[in-house]
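I opened this notebook page to keep track of what I looked up, one topic at a time.

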Amino acid sequence: MSRFLDKKLSSLESYLPGEQPEGRRVVKLNTNENPFAPSPAVVDAITKEEVQKLSLYPDPVARELSESIAAYYGIRREQILTGNGSDELLAFCFHGLCPNGAAFSDLTYGFYPVYCQMFGVKERIVKLREDFRLAIEDYMDLKETIFIANPNAPTGLNVEVEAIEKLLKRDPDRLVIIDEAYVDFGGTSCIPLIDRYDNLLVIQTFSKSRQLAGMRLAFAAGSEELITALAKMKFSFNPYSVNRLALLAGKAAIEDEAYFLKTTRAVIETREWMKRELEGYGCEVLPSKANFLFVRPPVPAQDVFMRCKEEDVFVRYFPGERTGEWLRISVGTREDAQRLLEVLDKIFEEGSHA
Ligand code: PMP
């Protein structure tokens with residue numbers, strides 16, 4: 001490591017993104033992207049004229065996009081802050097909204113512990129129950145800022161809004177941050193609660209249900225005070241983190257309700273079909289409200305992961321005590337799912353002869 005790196009970062013274990021194989025045709029079910037292209041309205045919004053305007057900085061307060069998001073959720077523009085992916089907004093939350101530390105589950109989005117290390121935030125890890133369920137009782141009396149990915153990754157399991165509301169009521173002076181990256185695939189958003197609870201912040205992304213992972217766009221919704229606090233950090237770091245094309249793409253995407261509904265429904269249908277098929281092969285599959293499945297195959301998961309890769313089917317494997325027998329498989333198109341099943345059929349067949 002470079003001798004110029006600050007000592008406090010020398011032991012930082014950074015986040016390991018899923019592989020992005022370029023230039024090869026693979027079935028890519030490893031990073032929970034949406035298998036569909038962005039809405040045609042997004043493509044139309046990025047005109048030659050708009051590209052030519054890239055010599056100018058973007059609107060730092062994302063006025064038009066925030067108005068569209070606010071209209072969609074029936075809230076006010078001042079209750080929204082846009083950011084360069086949820087990752088950026090989460091970074092601000094860990095950096096500036098965790099004076100008493102951060103609490104989150106042992107199996108959740110892998111970036112949370114990285115941010116704790118990066119910003120020197122004390123972390124409290126709360127174990128999911130044996131069946132991977134998040135029990136809200138386990139969080140009731142904590143003093144730390146609580147982060148809940150809902151639905152959770154990599155399990156796909158969902159916590160009911162009523163349970164989160166109990167947590168919010170329990171201690172109005174404790175902040176609860178709900179990361180709703182996957183909410184549009186069957187969960188229920190907590191955004192309608194932000195008017196009643198100023199200790200709630202919700203983060204949503206355009207990466208999953210709006211097909212814009214490559215654009216880097218997300219937003220936080222909360223009380224005006226909380227949003228002002230987040231904006232203070234954004235404007236002390238990079239006021240222009242949401243670029244011009246992202247502003248246009250996001251607005252077009254959120255306004256194309258028909259495309260959103262069509263594509264999220266297709267993902268949900270394929271997910272449920274995939275789940276039944278995988279169960280038919282003897283896999284255990286958790287009930288998912290996200291665009292991926294958490295699957296325990298009947299033969300060692302790591303072998304399945306490697307063999308799938310040899311067949312150009314990419315899924316995600318997280319080694320570790322609780323996850324080592326499981327695979328996280330994104331829901332692709334029907335054709336992707338069909339190819340996955342063909343490959344699994346072959347692998348399980350080999351396994352039975354081994
Ligand atoms: N939260 C969760 C739970 C995620 O799984 C991810 C991405 N995989 C993110 C946030 C980050 O999403 P993005 O930065 O693309 O908005």
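The entries below record what I looked up in this structure, which is a predicted model.

**Entry 1, domains.** I began with the division of the chain and noted domain 1 (19-37 + 258-352) and domain 2 (40-255), whose centres, taken over C-alpha atoms, are 26 Å apart. I then turned to where they meet, and found 26 residues of domain 1 in contact with 27 residues of domain 2. Between them the two domains bury about 2,100 Å², with 63% of it on carbon and sulfur atoms. Phe260, Lys289 and Arg322 account for 36% of the area that domain 1 buries against domain 2, more than any other three residues.

I counted 9 residue pairs in polar contact between domain 1 and domain 2, and the rule finds 1 salt bridge across their interface. On the side of domain 1 that touches domain 2, helix H9 (257-280) and strand E10 (292-296) are the elements that give two or more residues, and H9 gives the most, with 7 residues. I also noted that Arg322 forms a salt bridge with Asp106, with 2.8 Å between the closest N and O atoms.

The largest nonpolar core has 54 residues, and Leu200 and Phe206 touch the most other members. Among the elements that each supply at least two residues are helix H6 (161-170), strand E7 (200-205) and helix H8 (244-255), and H8 gives the most, with 7 residues. Leaving out residues up to four places away in sequence, I listed the contacts of Leu200, which include Leu168, Val176, Ile178, Cys190, Ala221 and Leu226. A second, separate core of 33 residues includes Val27, Leu278, Val331 and Leu341.

The side chain of Glu165 makes a polar contact of 2.6 Å with that of Tyr197, and, not counting residues up to four places away in sequence, Glu165 touches Leu193, Arg196 and Tyr197.

I recorded 27 salt bridges in the structure. Glu67 and Arg77 meet through their side chains at 3.3 Å, N to O; Glu67 lies in helix H3 and Arg77 in the loop between H3 and strand E2 (80-83), so this pair ties together parts that are 10 residues apart in sequence. The side chains of Glu224 and Arg76 form another salt bridge at 2.8 Å, N to O, and because Glu224 lies in helix H7 (residues 224-234) and Arg76 in the loop between H3 and E2, that pair ties together parts 148 residues apart in sequence. Glu224 is partly exposed at 39% relative accessibility, and Arg76 is partly exposed at 40%.

Arg307 and Glu310 both lie in helix H10 (residues 301-310), 3 residues apart, about one turn of the helix, and their salt bridge has its closest N and O atoms 2.9 Å apart. Arg307 is buried, with a relative accessible area of 17%, whereas Glu310 counts as exposed at 58% relative accessibility. Salt bridges with shared partners join Arg307, Glu310, Glu311, Arg339, Glu342, Lys346 and Glu350 into one network.

Note on methods. Residues numbered from 1 in each chain as written. Predicted model: local features only at pLDDT ≥ 70, side-chain atom pairs only at ≥ 80, totals over all residues. Heavy atoms only, no water. Core = buried A, V, L, I, M, F, W, Y, C linked by side-chain atoms within 4.5 Å. Buried < 20%, exposed > 50% of the residue type's maximum accessible area, 1.4 Å probe, protein only. Helix = DSSP H or I, 4+ residues; strand = E, 2+ residues; numbered from the N terminus. Contact = heavy atoms within 4.5 Å. Domains from an automatic or database assignment. Buried area = accessible area lost by both parts, 1.4 Å probe. Salt bridge = Lys/Arg side-chain N within 4 Å of Asp/Glu carboxyl O. Polar contact = N/O pair within 3.5 Å; in protein donor to acceptor, adjacent residues only side chain to side chain.
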